[in-house]
Amino acid sequence: MKQKLTITVDPEVLVAAKRHARSRGVSLSSLIERALRHEAAVGEPSFTSRWRGRFRPANRDDPRYDALARKYL
């Protein structure tokens with residue numbers, strides 16, 4: 001069951017949010033609900049935390065390393 005929520009925003013934000021919702025063919029309520037769901041996602045790690053520590057150091061003996069180092073470093 002949905003519940004009613006009262007929020008206070010700047011008038012400019014309200015106008016922009018209504019325009020954004022209208023351009024996407026959704027109600028302002030559903031737009032706000034989607035944004036809140038996104039922000040409140042629990043247990044979903046960020047991109048950086050998912051990949052942190054997953055890469056091995058480069059093998060400096062590999063000839064491809066030298067070629068890439070000359071090109072990009």
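Arg37 counts as exposed, because its relative accessibility is 57% (exposed means over 50% relative accessible area, buried under 20%, and partly exposed in between, with a 1.4 Å probe and protein chains only). This is a predicted model, where local features need pLDDT of at least 70 and side-chain atom pairs count only at pLDDT 80 or more, while totals for chains, interfaces and linings use all residues. Residues are numbered from 1 along each chain as its sequence is written, and side-chain values use heavy atoms, leaving out hydrogens and water.

**Exercise 1.** Find the partner of Arg37 in a salt bridge (a side-chain nitrogen of Lys or Arg within 4 Å of a carboxyl oxygen of Asp or Glu).

*Solution.* 
- Look at Glu33: its side chain meets that of Arg37, 2.8 Å from N to O.
- Now check the spacing: the two sit four residues apart in helix α2, so about one helical turn separates them. (Helices are DSSP runs of H or I, at least four residues, numbered from the N terminus.)
- Glu33 is partly exposed, because its relative accessibility is 25%.

**Exercise 2.** Work out how Lys2 joins the network with Glu33 and Arg37.

*Solution.* 
- Start with Lys2 and Glu33, whose closest N and O atoms are 2.7 Å apart in a salt bridge.
- This pair ties together distant parts of the chain, 31 residues apart: Lys2 comes in the segment before α1, and Glu33 lies in helix α2.
- Lys2 is exposed, because it reaches 64% relative accessibility.

**Exercise 3.** Track down the salt bridge of Arg64.

*Solution.* 
- Its partner is Asp62, at 2.7 Å from N to O.
- Arg64 is exposed, because it has 60% relative accessibility.
- For your tally, the structure has three salt bridges.
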